[in-house]
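Subject: Handover of a structure and its salt bridges

Dear colleague,

Please find the structure below, followed by a short account of what was found in it. I would be grateful if you could read the two side by side.

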Amino acid sequence: MGPIITAIRQKLTDALQPTRLEVVDDSDRHAGHAGAREGGESHFTVTIEAAAFAGQSRVARQRAVNTALADLLAGPVHALSIKALAPGE
């Protein structure tokens, strides 16, 4: 696991205490595209389930994830796909 995935996992865990968290590095699928970096760790898919999302809209959930990862999104992370769920969804 690379340092960016480790940072994503830590920041989301600290901010949202997820019951399920999957972070996948999709960078190899974007080689040669804008934002792709040598060595990967630029494009990610996150699936996160957290009680904090209960009663929130899809947009509010994505904003919460983006807020938790703001410094990474301003730097090494070029693209992030988010699937945010409340428990039982």
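**Salt bridges and their surroundings**

Glu 89 counts as exposed, at 53% relative accessibility; exposed means over 50% relative accessible area, buried under 20%, and partly exposed in between (1.4 Å probe, protein chains only). This is a predicted model, in which local features need pLDDT of at least 70 and side-chain atom pairs count only at pLDDT 80 or more, while totals for chains, interfaces and linings use all residues. Residues are numbered from 1 along each chain as its sequence is written, and side-chain values use heavy atoms, with hydrogens and water left out.

Glu 89 forms a salt bridge with Arg 61, with 2.7 Å between the closest N and O atoms. Glu 89 lies in the segment after β3 (79-85) and Arg 61 in helix α2 (residues 58-68), so the pair ties together parts 28 residues apart in sequence. Helices (H or I, at least four residues) and strands (E, at least two) are DSSP runs, numbered from the N terminus. Arg 61 is buried, with a relative accessible area of 8%.

A salt bridge here is a side-chain nitrogen of Lys or Arg within 4 Å of a carboxyl oxygen of Asp or Glu. By this rule the count is 3 salt bridges.

Lys 11 pairs with Asp 71 in a salt bridge, the closest N and O atoms being 3.2 Å apart. Since Lys 11 belongs to helix α1 (residues 3-16) and Asp 71 to helix α3 (residues 70-73), this pair ties together parts that are 60 residues apart in sequence. Lys 11 is partly exposed at 27% relative accessibility, and Asp 71 is partly exposed at 45%.

Glu 22 forms a salt bridge with Arg 20, at 3.1 Å between the closest N and O atoms.

Kind regards
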